[in-house]
Amino acid sequence: LTVTPLSGMAGGMALNLNRWRNQVGLPDWSQEELDKYAQAMVVQGIEGRYIEAEGPAGKPQDAIYGWLGEEPGRMWFIKLRGDVQLARDQRDVFRAFLESFKFYDTPGATNGK
């Protein structure tokens, strides 16, 4: 599990969601597919997108479940990466983590305000 804030837009939402898909062996989504399959999700007032990317069947089969959030001047990356069965087993725990996540004051952070 990683939580990473980056200054600026870090390439944008589509580029980063597709990067996660590529990391588990999946092809890019078109903008239409991103709009359809990347679930809108707000974490502590910050709008973002949630995806579950599971690599093609085979050994080993990796998964990335993650949320990307955008606020002025910053992009947040929160992702769970690992074996697909482990990710599936921890899906509800990960989503509960996202729902309870708190952004603490750091220089330049808006904390969802």
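Student: Is Gln44 buried, partly exposed or exposed, and what is its relative accessible area?

Tutor: The model is predicted, so every value here is computed from predicted coordinates. The general idea is to compare the relative accessible area with two cut-offs: under 20% is buried and over 50% is exposed, with partly exposed in between. Gln44 has a relative accessible area of 31%, so it is partly exposed. The residue lies in the loop between strand S2 (39-43) and S3.

Student: Which residue follows H1, and what is its phi?

Tutor: Gly25 follows H1, and its phi is positive, near 90°. This glycine is in the loop between helix H1 (13-23) and helix H2 (31-37). With a relative accessible area of 48%, Gly25 is partly exposed. Its C-alpha atom is 26 Å from that of Phe97, a residue 72 positions away along the chain.

Student: How many helices and strands does the protein chain have, and in what pattern do they come?

Tutor: Count the elements, then read them in sequence order. The protein chain has 3 helices and 5 strands. Their pattern along the sequence is β-α-α-β-β-β-β-α.

Student: What share of the residues is buried, and how much accessible surface does the protein chain have?

Tutor: Of the 113 residues, 41% are buried. The accessible surface comes to about 6,400 Å², and carbon and sulfur atoms hold 53% of that area.

Student: What part of the contacts joins residues 24 or more positions apart?

Tutor: Among contacts with a separation of 6 or more, 53% are between residues 24 or more positions apart.

Student: Which residues of H1 are buried, and what do they pack against?

Tutor: For a helix, list its buried residues and then look at the elements they pack against. In H1, the buried residues are Met13, Asn16, Leu17, Asn18, Trp20 and Arg21. The buried residues of this helix pack against H2, S3, S4 and strand S5 (74-83). Take Asn18, which is in helix H1. Its relative accessibility is 8%, so it counts as buried. Setting aside neighbours within four places in sequence, Asn18 contacts Pro27, Asp28, Trp29 and Leu34.

Student: Where is Gln61, and what does its side chain reach?

Tutor: Gln61 is in the loop between strand S3 (46-54) and strand S4 (62-71). Its relative accessible area is 17%, so Gln61 is buried. The side chain of Gln61 reaches the backbone oxygen of Gly55 at 2.6 Å. Not counting residues up to four places away in sequence, Gln61 touches Gly55, Pro56, Gly82, Asp83 and Val84.

Student: How many aromatic pairs does the structure hold, and how is the pair of Tyr50 and Phe94 classed?

Tutor: The structure holds 4 aromatic pairs. To class a pair, take the distance between ring centres and the angle between ring planes. The rings of Tyr50 and Phe94 have centres 6.4 Å apart and planes at 35°, so this pair is tilted. The pair links distant parts of the chain, with Tyr50 in strand S3 and Phe94 in helix H3 (residues 84-100), 44 residues apart. Tyr50 is buried, with a relative accessible area of 3%, and Phe94 is buried too, at 4%.

Student: What class of pair do Phe97 and Phe101 form?

Tutor: The ring centres of Phe97 and Phe101 are 5.5 Å apart and the planes stand at 65°, so the pair is edge-to-face. Phe97 is partly exposed at 28% relative accessibility, whereas Phe101 is buried, with a relative accessible area of 14%.

Methods:
Residues numbered from 1 in each chain as written. Predicted model: local features only at pLDDT ≥ 70, side-chain atom pairs only at ≥ 80, totals over all residues. Heavy atoms only, no water. Helix = DSSP H or I, 4+ residues; strand = E, 2+ residues; numbered from the N terminus. Buried < 20%, exposed > 50% of the residue type's maximum accessible area, 1.4 Å probe, protein only. Polar contact = N/O pair within 3.5 Å; in protein donor to acceptor, adjacent residues only side chain to side chain. Contact = heavy atoms within 4.5 Å. Phe/Tyr/Trp six-rings, centres within 6.5 Å; stacked < 30°, edge-to-face > 60°. Areas by Shrake-Rupley, 256 points an atom, 1.4 Å probe, with all protein chains shown as cover.
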